[in-house]
Amino acid sequence: MTAKHHGYALLSAIVALVLGLSAAIYVTAAAEHGPAHRPAPGAVAAGHGPYRAAPVSTGVWTGAWAAAPAGAEPGTAADGTAGRTVRDVVHTGVGGSAARVTLSNLYGDRPLTVTHATLAVAAHDDGPAADPGTLRRLSFEGSASVVVPAGGQTVSDPVAVAVPADTDVLVSVYSPTSAGPVTYHPRARQTSYVAQGESTEDTSGAAFTATTPYWRYLTALDVLGDEADGTVVAFGDSLTDGVTSTADANRRWPDVLADRLRSARAADGSAPRYAVVNAGISGNRLLADDPRRGACGLNRFTRDVLDRPRVKAVVIDLGINDILRGAEPAAPDAIVAGLRTLADRAHAHGVKAVGATLMPFRGHRGYSAAREEVRQQVNRAIRAGGVFDEVVDFDKALRDPYDPRSLRPEYDSGDHLHPDDRGYRAMARTLDLAHLTASAPARL
């Protein structure tokens, strides 16, 4: 063999090695999500259609945003969203150089056929307009269309796009046929949009003439990047969902926690490099399912917490609806046992469990002395240890010092159960950021 042929052989071997290493790195990163579809070859590096992007950088997958599927949207059993484009608006906690989304048909009674889907960074904070340079067509195992079975979900192939932290992202989905009841998150506190016909690539937003207070089908936006090493999940009910926070302002306590983490990292780099996602469902209980308020905490913990990418810690604030809803409050021992079960499941996956005390609700229509006594017993057990690795005392931080059974007036939204924006901010500031860092699970 000539020296020239030797050179070609050596060059070919080097190219093959580089490609093999690149593929291995990429597949490993993509696999961190769990049951996600693997991307089609070249899908990330090249983008799709006319919207091309630079190759994806190295990094890890973390959650930029999430919402727990809460139920079937009323009035959608017959037609679903057939013939319409849904444009969900979501707000990122961290940024990255590539993104993927999860679409859910959990509450549909027929397969959901998606023929067009796109992702784009919003052109501005309010409205359906997209930044044209960021629009990406989404694919699913290399195909532009996907059929999501009734009760199932699907994860898109990653697309290369610069997604900033603390910004709105638009995810648009078109289905020509009905899947029956629409899987949705009702208390989004975010305006999203709907257009007649297929308008997923409309960057002006002109076609999106209808608004909706719901998130439909979309349950997660993950990003690949180096801003975060892992994900913190805020797991709870309406107090975590942020039901009384200002709409379109991202003032739920998990949003404020994400802001704290970013600011602290920028200031001195001391804060944990974690993203924060919200897995709150308004009205949700720890122990009992509710067809209008989702599976209970015990039954959705794996889906909404453990299946998120690179989960390092979970902050659990559940139990108040087990006390408030129903003819009689749940037994305090049952609530504490349920919370301990969640912590045990977190530990089995190497996830740190931070537990919140239950906040006061005197003055709320469901208040009674018997229900208050259950809350006090649960809080005593949480503070005594043996349930969680760390405790965040929301009760102490937000209760009225002159009437500990009530919220502080300046934190009360008016219903005597849910905080206002100032109260949610106080909740986020109460959490010790050092308590989120990974450690060996507590021996409970």
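**Whole chain**

I counted secondary structure and got 10 helices and 23 strands in the protein chain. The model I am reading is a predicted one. I then looked up burial: of the 444 residues in the chain, 55% count as buried. Next I looked at contacts between residues at least 6 apart in sequence. Of those, 80% join residues at least 24 apart.

**Helix α4**

I went to α4, which covers residues 253-268.

Which residues of α4 are buried? I listed W253, P254, D255, V256, L257, A258, L261, R262, A264 and R265. I noted that charged residues sit in that list, D255, R262 and R265 among them. Then I asked what covers the buried residues of α4. The cover includes the strands β17, β18 (274-280) and β19. It also includes the helices α3, α9 (394-398) and α10.

After α4 comes G269, and its phi is positive, near 75 degrees.

**α4 against α10**

I looked at how α4 packs on α10, residues 421-430. The axes are 8 Å apart, and the angle is about 50 degrees. That angle makes α4 oblique to α10. The crossing of the two helices is right-handed.

Which residues meet here? From α4 I wrote down W253, V256, L257 and R260. From α10 I wrote down Y424, R425, M427, A428 and R429. I sorted the residues of this contact by type: six are nonpolar, three are charged and none is polar.

An α-helix has 3.6 residues a turn, so residues three or four places apart point the same way.

**Helix α7**

I repeated the length check on α7, residues 332-348. Its 17 residues should span 24 Å at 1.5 Å a residue. The end C-alpha atoms are 25 Å apart, so this helix agrees too.

The buried residues of α7 are P332, I335, V336, G338, L339, L342, A343, A346 and H347. What do they pack against? I found three strands: β17 (230-236), β19 (311-317) and β20 (352-356). I also found the helices α5 (297-306), α6 (320-324) and α8 (369-384).

α7 is followed by G350, with a positive phi near 70 degrees.

**Positive phi without glycine**

One is N250, at about 55 degrees. N250 lies in the loop between α3 (238-241) and α4. Is N250 buried or exposed? Its relative accessible area is 13%, under the 20% cut-off, so N250 is buried.

The other is R310, with a phi of about 50 degrees. R310 is in the loop between α5 and β19. Its relative accessibility is 28%, so R310 counts as partly exposed.

**R399**

I ended at R399, in strand β22 (residues 399-400). With 26% relative accessibility, R399 counts as partly exposed.

What does R399 touch, leaving out residues up to four places away in sequence? I listed P360, R383, P404, S406, L407 and R408. I also looked up the spacing of R399 and P409. They are 10 residues apart in sequence, and their C-alpha atoms are 8.9 Å apart in space.

Terms used
Residues numbered from 1 in each chain as written. Predicted model: local features only at pLDDT ≥ 70, side-chain atom pairs only at ≥ 80, totals over all residues. Heavy atoms only, no water. Axes fitted to C-alpha atoms, helices over the stretch in contact; angles between N-to-C directions. Helix = DSSP H or I, 4+ residues; strand = E, 2+ residues; numbered from the N terminus. Parallel < 35°, antiparallel > 145°, perpendicular 65-115°, else oblique. Left-handed = near helix turned anticlockwise from the far one by under 90°. Contact = heavy atoms within 4.5 Å. Expected span 1.5 Å × (residues − 1). Buried < 20%, exposed > 50% of the residue type's maximum accessible area, 1.4 Å probe, protein only.
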